[in-house]
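Please have the sequence and the coordinates to hand while reading.

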Amino acid sequence: MFEVNNPDLTSWVDVPADSDFPIQNLPFGIFSTSERVLRPGVAIGDHVLDLTEVAALGLLDGLGCERLDFEATTLNAFIGRGKEATRAVRNRLGELLQAGATKLTVHANRVLVKQSDVTMHLPVQVGDYTDFYSSEDHARNVGKMFRDPENALLPNWKHMPVGYHGRASSIVVSGTPIRRPSGQTRPDDSAPPVFGPSRLLDFELEMAFVTHGGKPLGECISTAEADDFIFGLALFNDWSARDIQKWEYVPLGPFLGKSFGSSMSPWIVTLDALTPYRVSGPDQDPAILPYLEYEGQGHYDVELEVEIIPENGQGLTVCCSNFKHMYWNMRQQLAHHTVNGCNINAGDMMASGTISGPEKGSFGSMLEISWRGTQPVQMPDGSERKFILNGDTVRMTGFASKPGAPRIGFGSVDGKVLG
Ligand code: MN
């Protein structure tokens, strides 16, 4: 059987050496151009393969999808076909794009569009969004700052991947500006709260996975089954207004400090494309409950970076982290999410929580990088950042790479903060 993950495979479409999108990646997104209405596409090198046109040629028939899935304005219908069908489509696209294949080359002008000519859109209509809190370094840093440096983790943290239900409606695609939220804060603990624009606007470096349709309400997904329900991943910026969050979050958790916006990258990289980059996770001690145990390698080695780019200024990389730093992996998150019988739907999004590494340069939020504002970052233009200012663009990038394996990139998620 044809295997698109074969590292030796090359494409008849030109793929620059440093591209995020070699033939072994083939991430899915929704794009439009001045001539083409919103539709599914796949990134290959500097181009997008138009799946409406490929499907219209009959080349995606018989794989478990309908042609209408490839004429939709979101990927939900396609992702809802399940793991087997979406895997078959990715494999078929690899076959059609491999060097020497000719079925598409005669239609190249019809099926290929330059990425520079497209507008990318939100790839899925997110029905439900959950945010976890699964990086130990992040949880420890926050615990040290706000609670007890000696007992930074709360008692439940090493026993379950804690999370909360976030706001799906305000998830936006990369490039969408983020308006600084206003809200209620209490800057002075001895005075009444005040209302106004957040002064402590932050990013959170995260990755989010998108699910296939799950099981009916009342049933669970085990860690062994979890990969079959995960379609793919995107970069995710869980914007956070720290001052609003601090005043509102006890006892029911994040609310208006988070729900004003979250940004995702436009391309969903399939879990299959990341298979060569599976790695082992940390030893989990104390012992976890059996429903959270898993076999084999459940973590992924994806390098992540965050850059702050001031308006008309030079950018500065403020964080280099890695998805492998997670304490709880996606299998455990999904098993925990459904262990009470909670159902999931195609296009649901589950974010990792801020991904911090062990060293200072690997912290995934300004809260940690500036250590609650006590250690400002020096920007190339001489200005300082404790948190994000109006006019700043926050750019997150991510890719997996190693010798002998193709680079599997995520592109970027960009968001500019407006006042
Ligand atoms: Mn978060």
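Lys158 is buried, with a relative accessible area of 18%, where buried stands for under 20% relative accessible area, exposed for over 50% and partly exposed for the range in between, with a 1.4 Å probe and protein chains only. The model is a predicted one, in which local features need pLDDT of at least 70 and side-chain atom pairs count only at pLDDT 80 or more, while totals for chains, interfaces and linings use all residues. Residues are numbered from 1 along each chain as its sequence is written, and side-chain values rest on heavy atoms, with hydrogens and water left out.

The partner of Lys158 is Glu136, with which Lys158 forms a salt bridge whose closest N and O atoms are 3.3 Å apart; the term denotes a side-chain nitrogen of Lys or Arg within 4 Å of a carboxyl oxygen of Asp or Glu. This pair links distant parts of the chain, 22 residues apart, with Glu136 in helix H5 (136–146) and Lys158 in the loop between H5 and strand S7 (163–166). Helices (H or I, at least four residues) and strands (E, at least two) are DSSP runs, numbered from the N terminus. Glu136 is buried as well, with a relative accessible area of 17%.

By this rule the count comes to 22 salt bridges. The table sets out three of them.

| Pair | Closest N to O distance | Relative accessible area |
|---|---|---|
| Lys158 and Glu136 | 3.3 Å | Lys158 18%, Glu136 17% |
| Arg242 and Glu204 | 2.9 Å | Arg242 8%, Glu204 4% |

Arg242 forms a salt bridge with Glu204, and because Arg242 lies in helix H7 (residues 242–248) and Glu204 in the loop between strand S12 (201–202) and strand S13 (205–211), the pair ties together parts that are 38 residues apart in sequence. Elsewhere, Arg36, Arg39, Asp50, Glu53 and Arg110 are linked in a network of salt bridges.

Glu204 returns at the metal site, where the manganese ion is coordinated by Asp131 (OD), Glu204 (OE), Glu206 (OE) and Asp238 (OD) at 2.1 to 2.2 Å. Donors are N, O and S atoms within 2.8 Å of the metal (3.2 Å for Na, K and Ca), and sites may look incomplete because water is not among the atoms. Both Glu204 and Asp238 are buried.

The structure also holds two cavities of 30 Å³ or more, a cavity being a set of points, on a 1 Å grid over the protein atoms alone, where a 1.4 Å probe fits but cannot get out, with lining residues having an atom within 4 Å of a point. The largest cavity has a volume of about 60 Å³, volume being the space filled by probe spheres set on the points. Its lining includes His299, Tyr300, Trp328 and Gln333, and S19 (299–300) and H8 each supply at least two of the lining residues.

The second largest cavity holds about 50 Å³ of space and is lined by Lys83, Thr86, Arg87, Arg90, Phe231, Thr270 and Asp272. Helix H3 (residues 83–97) gives the largest share of this lining, four residues.

Technical notes. On a 1 Å grid over the protein atoms alone, a cavity is a set of points where a 1.4 Å probe fits but cannot get out, and a pocket is an open set with protein on both sides within 12 Å along at least five of seven lines; lining residues have an atom within 4 Å of a point.
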